[in-house]
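Subject: Structure handover

Hello,

Below is the structure you will be working with. Please look through it once before reading my notes.

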Amino acid sequence: LALRPAAILLDDALGESETWSTVLALKAEHELQAIPVHIASSAADRSKGLAFGAADVLRKPLRREALQ
């Protein structure tokens, strides 16, 4: 990758099934799998997010402290 992000933040506004499939697709790509994926969600289950490969599931509304 020309640009390598330190992390990826997904918003669950995509819809829950789209969010999980996006995480799985990112983790399936060799060049992307080491980049932590965080999900911003008002309803997603944290344990489910971790099982899908997310580094964390952050509750919305996000607080600055949660992003550091």
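In which segment is Ala2 found? Ala2 lies in the segment before strand 1. Strands (E, at least two residues) and helices (H or I, at least four residues) are DSSP runs, numbered from the N terminus.

Two remarks on the basis of these notes. This is a predicted model, in which local features need pLDDT of at least 70 and side-chain atom pairs count only at pLDDT 80 or more, while totals for chains, interfaces and linings use all residues. Residues are numbered from 1 along each chain as its sequence is written, and side-chain values use heavy atoms, with hydrogens and water left out.

Overall layout

The protein has two helices and three strands. From the N terminus on, the order of the elements is β-α-β-α-β. The C-alpha atoms fill a box of roughly 30 × 25 × 20 Å, taken along the principal axes.

Of the contacts in the protein with a separation of 6 or more, 48% are between residues 24 or more positions apart; contact means heavy atoms within 4.5 Å.

Surface and core

The accessible surface of the protein comes to about 4,600 Å², and 55% of this belongs to carbon and sulfur atoms. Accessible areas come from the Shrake-Rupley method with a 1.4 Å probe; for residues, only the protein chains shown count as cover. Buried residues make up 25% of the 68 residues. Here buried means under 20% relative accessible area, exposed over 50%, and partly exposed in between (1.4 Å probe, protein chains only).

In soluble globular proteins, nonpolar side chains tend to be buried together. A nonpolar core is a set of buried Ala, Val, Leu, Ile, Met, Phe, Trp, Tyr and Cys residues joined through side-chain atoms within 4.5 Å. The largest one in this protein has eleven residues, including Ile8, Trp20, Ile39 and Val57. Strand 1 (8–11), helix 1 (16–28) and strand 2 (37–41) each supply at least two residues of this core. Helix 1 gives the most, with three residues.

Val57 is one of the core residues. Leaving aside its neighbours within four places in sequence, Val57 is in contact with Ile39, Ser41, Ala44, Asp45, Arg46 and Gly49.

Individual residues

Is Ala2 buried or exposed? Ala2 has a relative accessible area of 83%, so it counts as exposed.

Glu31 is in the loop between helix 1 and strand 2. Glu31 has 47% relative accessibility and therefore counts as partly exposed. Glu31 and Asp11 are 20 residues apart in sequence, and their C-alpha atoms are 22 Å apart.

Gln33 also has its place in the loop between helix 1 and strand 2. Its relative accessible area is 38%, so Gln33 is partly exposed. Gln33 is in contact with Leu26, Lys27 and Ala28, leaving aside neighbours within four places in sequence.

Finally, Pro61 is found in the segment after strand 3 (56–59). A cis peptide bond joins Lys60 and Pro61, with omega about 0°.

Regards
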